[in-house]
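Here is a friendly tour of a protein model with a ligand. Have the viewer open and follow along from the hairpin to the pocket and its ligand.

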Amino acid sequence: MPALRIDGYVIVSADGMLANAAHVMPDELKFEGDKRFFTAALDRADVIVHGRHSYEDQPNSPRRKRIIVTRSIAAIAPDRSNPKATLWNPAGAAFEAACDHAGVRSGTVAIIGGPDVFGMFMDRYDTFWLSQAPRVRLPGGEPCFPGVPERSPQAILAAHGLKAGEAQILDTAAGVSVTPWRRAV
Ligand SMILES: NC(=O)c1ccc[n+]([C@@H]2O[C@H](COP(=O)([O-])OP(=O)(O)OC[C@H]3O[C@@H](n4cnc5c(N)ncnc54)[C@H](OP(=O)(O)O)[C@@H]3O)[C@@H](O)[C@H]2O)c1
């Protein structure tokens, strides 16, 4: 049994985008129900992992341990601007070494993007929580995973050994739901 559980979180438009053409997550992709779900998950996580532009910017953010993926350092370094953050370059060090630096040897890791960071963990997720906003389209936007839009986000998760569980509705009026994609054992 691995000591670290790895979960992923994203909300995507009907066309599989996590941000618009300007690489910004637009307000039309933000829903209170999804925000509540995401916030609760991050509050339970032992460490969160993201690229430089995917800081979640929530009231509880300063309390969270985080690993920031960056090419600005060779391997692993403390973040001088945030005592709870570790900088990690995957080209120079293993993920476990970054967790070790962050003081996390067991528990839950939440991967929150962007696309390349999601892609790095595709074969390691225990569960990927895919939120979908079926009435939002972001033409020319930023695909949620490497390989989208040629393949759907669902096809990519399935190709990496994950299977869809039962969806939960997060916003009835907007039809927003979240589906857990769990690793088949
Ligand atoms: N809809 C959602 O649920 C959701 C989820 C996540 C993000 N978003 C949005 O999507 C956009 C994502 O921005 P983004 O595409 O710029 O992604 P990002 O992953 O947040 O940031 C990219 C940066 O991460 C670092 N990075 C990425 N891959 C790396 C690698 N293989 N090795 C080392 N460093 C790496 C680099 O940092 P350095 O430049 O420091 O080297 C790169 O410039 C934002 O607008 C964000 O708000 C939406």
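Strands β11 (residues 168-171) and β12 (residues 176-183) run antiparallel and are joined by three bridges. Strands count as paired if DSSP finds at least two bridges between them. Helices (H or I, at least four residues) and strands (E, at least two) are DSSP runs, numbered from the N terminus. Across the pair, aspartate 171 sits opposite valine 176 in β12. Four residues lie between the strands of this hairpin, where glycine 175 has a positive phi near 70 degrees.

A word on the model: it is predicted, so local features need pLDDT of at least 70 and side-chain atom pairs count only at pLDDT 80 or more, while totals for chains, interfaces and linings use all residues. Residues are numbered from 1 along each chain as its sequence is written, and side-chain values use heavy atoms, with hydrogens and water left out.

Now to the largest pocket, which holds about 1200 Å³ of space. A pocket here is an open set of points on a 1 Å grid over the protein atoms alone, where a 1.4 Å probe fits, with protein on both sides within 12 Å along at least five of seven lines; lining residues have an atom within 4 Å of a point. Its volume is the space filled by probe spheres set on the points, which are joined across faces, edges and corners. Of the 40 lining residues, His53, Ser54, Ile112, Gly113 and Gly114 lie nearest the centre of the largest pocket. Two or more lining residues come from each of β1 (4-13), β2 (17-19), α1 (32-44), α3 (115-120) and β8 (127-133). The most come from α3, which gives five.

Which residues come nearest the ligand? They are His23, Arg52, His53, Ser54 and Glu142, out of 24 around it, where a residue counts if one of its heavy atoms lies within 4 Å.

| Residue | Protein atom | Ligand atom | Distance |
|---|---|---|---|
| Leucine 18 | polar backbone atom | nitrogen | 3.1 Å |
| Histidine 23 | backbone N or O atom | oxygen | 2.7 Å |
| Serine 54 | polar side-chain atom | oxygen | 2.6 Å |

Taken alone, the ligand exposes 910 Å², and the protein buries 81% of that (accessible areas by the Shrake-Rupley method with a 1.4 Å probe).

Some backbone details are worth a look too. Histidine 23, in the loop between β2 and α1, has a positive phi near 65 degrees although it is not glycine. Glycine 113 and glycine 114 are joined by a cis peptide bond with omega about -5 degrees, and glycine 114 belongs to the loop between β7 (107-111) and α3. Another cis peptide bond links valine 148 and proline 149, with omega about 10 degrees.

Terms used:
A polar contact is a pair of N or O atoms within 3.5 Å; within protein, one must be able to donate a hydrogen and the other to accept it, and residues adjacent in sequence count only if both atoms are side-chain atoms.
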